[in-house]
Amino acid sequence: MRLLSLALQAALCRGVVASLQVVPGGTWTTSNGEHLQAHGAGLIQINDTYYMVGEDKSSGQSFTNVNCYSSTDLVQWTLVGALLSRTSSGDLGPNRVVERPKVIYNDKTRKYVLWMHMDSGSYGEARVAVATGDSVCGKYEYIRSFQPLGRQSRDMGLFKDDDGKAYLLTEDRQYGLRIVALSDDYLSPTTDVYGWKLEGGNRVEAPAMLKLGKTYYMFASMMTGWDANENQYTTSTSLSSGWSGWKKFADSGSKTYNSQTTYILKTSESTAIYMGDRWLKDNLMASAYVWLPLSISGTSVTMKNFVSWVPTTNFAAWQTPPSESSYEGEKGTYGGKARDVDCSGCSNKVAAGYIGGPDKGSVTFTGIKSDIDGMTTIRIKYINADSSQRHANVRVNGDEGRKVAFLPAKGDPASSTLNVHLKKGSENTVAIEGIGTAWGPDIDRLMVPVQ
């Protein structure tokens, strides 16, 4: 718990002004009022800003966009734009598959280089593709797709070492997982560096690599298609030899908390964040994100699950979630024709229903307490029985509100995150209403940080 202790001491020294939280598996609303669409993502840091590049699954499996988002706190993400978008034909045309896009910067050519898995809708091509850009979130020039060194490639990743050399992490069903060196311009594979043959415990995919000090860590999932499994890791002090046996790092039986590795974000020389996808294979748009801090000691890596957690300002440490108060939906004040609805999975077996719609249903919570004056993350527990997102306008302390997304959620209530400024004291209000005549979610309760 040393990291937690240091984080709390630092917070006390500078005065607590925020408790923005990462909520693994929750609906993650971004600046455009929609759920984050950056699946299979990679991150790149430029100065004090993080950029996330990932798959837009808003139209399902077929390629729509490679999206780019920016953030300075890893919690609030702004949609900057698309690096690549669907074209009328060719590799980026209709019914194509583009997965696991990753961007690295080439210091020699001063280009951002994007690699991705490129395939047909039947996954019959097994290729990689390359594009370049002059700015991290600008438009990229698509170059080509191919099979690296003449071999299939499916799940893939990128790794840039401290010396500026870059590597393709590529998996195929004929051999297994390989580390392949890239050319100086990062546009072509050159030679194999290491490989894990597709046998025994080496049946892995979804690779992601991290380096701390002199130790390399390779993370990967087992091969179970879209279904989650016990993800694994291996370590070595050399890319070309000496790799340890694969070991799981999350709790046994958790299936990595129902997620698959996509990227490992280094936050200091001793800390990192696991970033995974919680795939919904029958509704990929609604797939969520599982981001959790890794505990790393030498070559030992472990990861625990949290309902939420708080990144510190430099991301080299983290805090467990602050104490929360619960505000029940049915205890709020109804407007329009909002009313109680049965909800077997909700805290009191009832929820605030009929939010939005033609009768403008709403629910308002008053007397919400916060011990700080600053930004915080409220978890809205909700039900959405549809197969598509619902939305609501959420107003805080009488403002005009912001559009919040709510992914499909049946049975047990899910969480949607609301990042807002609360006033110190018990005079805060939160009102949840529809947008136009569309229906919003049923509201189980609000979970509001107190400290």
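Colleague: How do the residues of the lining of the second largest cavity divide into nonpolar, polar and charged?
Modeller: This is a predicted model, in which local features need pLDDT of at least 70 and side-chain atom pairs count only at pLDDT 80 or more, while totals for chains, interfaces and linings use all residues. Residues are numbered from 1 along each chain as its sequence is written, and side-chain values use heavy atoms, without hydrogens and water. Ala, Val, Leu, Ile, Met, Phe, Trp, Tyr, Cys and Pro count as nonpolar, Asp, Glu, Lys and Arg as charged, and the others, Gly among them, as polar. The lining, made up of Gln21, Val22, Val23, Gly26, Thr27, Trp28, Val75, Thr417 and Asn419, divides into 4 nonpolar, 5 polar and no charged.

Colleague: How much space lies in the second largest cavity?
Modeller: On a 1 Å grid over the protein atoms alone, a cavity is a set of points where a 1.4 Å probe fits but cannot get out, and lining residues have an atom within 4 Å of a point. Points are joined across faces, edges and corners, and a volume is the space filled by probe spheres set on them. A search of the whole structure finds 4 cavities of 30 Å³ or more. The volume of the second largest cavity is about 50 Å³.

Colleague: Which strands each supply at least two residues of the lining of the largest cavity?
Modeller: The largest cavity holds about 60 Å³ and is lined by 12 residues, with Thr267, Pro293, Phe315, Ala317 and Trp318 nearest its centre. Its lining has 10 nonpolar, 2 polar and no charged residues. Strands are DSSP runs of E of at least two residues, helices runs of H or I of at least four, numbered from the N terminus. The strands asked for are S19 (272-278) and S20 (288-297).

Colleague: How many charged residues are in the lining of the largest pocket?
Modeller: A pocket is an open set of points with protein on both sides within 12 Å along at least five of seven lines. The largest one has about 690 Å³ of space, and of its 28 lining residues Leu43, Ile44, Ile104, Lys160 and Tyr263 are the closest to its centre. Strands S2 (39-46), S6 (96-106), S10 (156-160), S14 (204-212) and S18 (260-266) each supply at least two lining residues. Besides 18 nonpolar and 4 polar residues, the charged ones number 6.

Colleague: Which residue in S9 stands opposite Ala131?
Modeller: Ala131 is in S8 and stands opposite Leu114; S7 (residues 111-120) and S8 pair in the antiparallel sense over 7 bridges, where pairing takes at least two DSSP bridges between strands. S7 and S8 form a hairpin with 6 residues between them, and Tyr123 in the turn has a positive phi of about 60°. S8 also pairs with S9 (residues 141-146), antiparallel over 5 bridges. In S9, the residue opposite Ala131 is Tyr142.

Colleague: How many residues of S8 are buried?
Modeller: Buried means under 20% relative accessible area, exposed over 50%, and partly exposed in between, for a 1.4 Å probe and protein chains only. Strand S8 (residues 127-133) is mostly covered, and of its 7 residues the buried ones number 6.

Colleague: What is the relative accessible area of Asn397?
Modeller: Most residues other than glycine have a negative phi. Asn397, in the loop between strands S30 (390-396) and S31 (402-406), has a positive phi near 55°. Asn397 is partly exposed, at 27%.
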